[in-house]
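Please examine the sequence and the structure before reading the solutions.

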Amino acid sequence: MSKAAVIFWSQTGNTEQMANAIADGIREGGMEVDVLNVADTTPADAVKYAKIALGCPAMGAEVLEETEFDPFFTELESKISGLKVALFGSYGWGDGQWMRDWAQRADSAGANVYQDEGLILHLTPDEEGLEQCRTFGAGFAKY
């Protein structure tokens with residue numbers, strides 16, 4: 001059985017909730033999965049997985065978190081060509097530009113991006129949002 005990783009950064013816990021629900025969906029979809037905080041892994045370890053779901057909320061002027069997550073993703077970019085990647089995160093304002101920019105970066109790096117523009121939820125996920133995450137994860141497992 002192939003294995004997926006859900007790698008995330010979360011300040012308030014919203015993106016972490018999404019990560020756990022996506023992991024539940026991946027399991028429901030028939031894959032083993034590890035859920036990892038970005039601080040607990042490296043890009044070299046991440047690319048050992050068959051599939052990677054990456055989660056980061058919108059920060060500042062709709063950018064990836066700049067201290068830990070963006071440096072991780074910047075290093076990962078050169079390693080993800082041909083890899084199946086899903087992107088997700090929460091936001092508090094704006095219209096999702098950070099996710100569109102991030103998806104473009106992943107696509108330009110040659111990743112096979114699941115659902116082109118990823119999954120975004122506004123603020124704290126409610127039960128409907130968590131169900132969207134589980135569905136997203138199950139679909140990614142079969143992608």
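Predicted model: local features only at pLDDT ≥ 70, side-chain atom pairs only at ≥ 80, totals over all residues.

**Exercise 1.** Determine how helix 1 and helix 5 are oriented to each other, and which residues make the contact.

*Solution.* 
1. Helix 1 spans residues 14–28 and helix 5 spans residues 127–142; their axes come within 6 Å and cross at roughly 45°.
2. An angle from 65 to 115 degrees would count as roughly perpendicular and one under 35 degrees as roughly parallel; helix 1 and helix 5 are therefore oblique to each other.
3. The crossing of helix 1 with helix 5 is right-handed.
4. Helix 1 contributes Q17, M18, A21, I22, D24, G25, I26 and E28 to the contact, while helix 5 contributes L130, C133, R134, F136, G137, A138, F140 and A141.
5. Sorted by class, this contact of helix 1 with helix 5 has 10 nonpolar, 3 polar and 3 charged residues.

**Exercise 2.** Carry out the analysis for helix 3 and helix 4.

*Solution.* 
1. The axes of helix 3 (residues 69–77) and helix 4 (residues 97–108) lie 10 Å apart, at an angle of about 25°.
2. Angles under 35 degrees count as roughly parallel, and helix 3 and helix 4 are therefore roughly parallel to each other.
3. Their crossing is left-handed.
4. F69, D70, F73, T74 and E77 of helix 3 meet W102, R105 and A106 of helix 4.
5. The contact of helix 3 with helix 4 comprises 4 nonpolar, 1 polar and 3 charged residues.

**Exercise 3.** Describe the lining of the largest pocket.

*Solution.* 
1. The largest pocket holds about 160 Å³ of space.
2. Its lining has 13 residues, with T12, N14, P57, A58 and S90 nearest the centre.
3. Helix 1 and strand 4 (84–91) are the elements giving two or more residues to this lining.
4. By class, the lining has 6 nonpolar, 7 polar and no charged residues.

Methods. Residues numbered from 1 in each chain as written. Heavy atoms only, no water. Axes fitted to C-alpha atoms, helices over the stretch in contact; angles between N-to-C directions. Helix = DSSP H or I, 4+ residues; strand = E, 2+ residues; numbered from the N terminus. Parallel < 35°, antiparallel > 145°, perpendicular 65-115°, else oblique. Left-handed = near helix turned anticlockwise from the far one by under 90°. Contact = heavy atoms within 4.5 Å. Nonpolar A, V, L, I, M, F, W, Y, C, P; charged D, E, K, R; others polar. 1 Å grid on protein atoms, 1.4 Å probe; cavity = no way out; pocket = protein on both sides within 12 Å on 5 of 7 lines; lining within 4 Å. Points joined across faces, edges and corners; volume = space filled by probe spheres on them.
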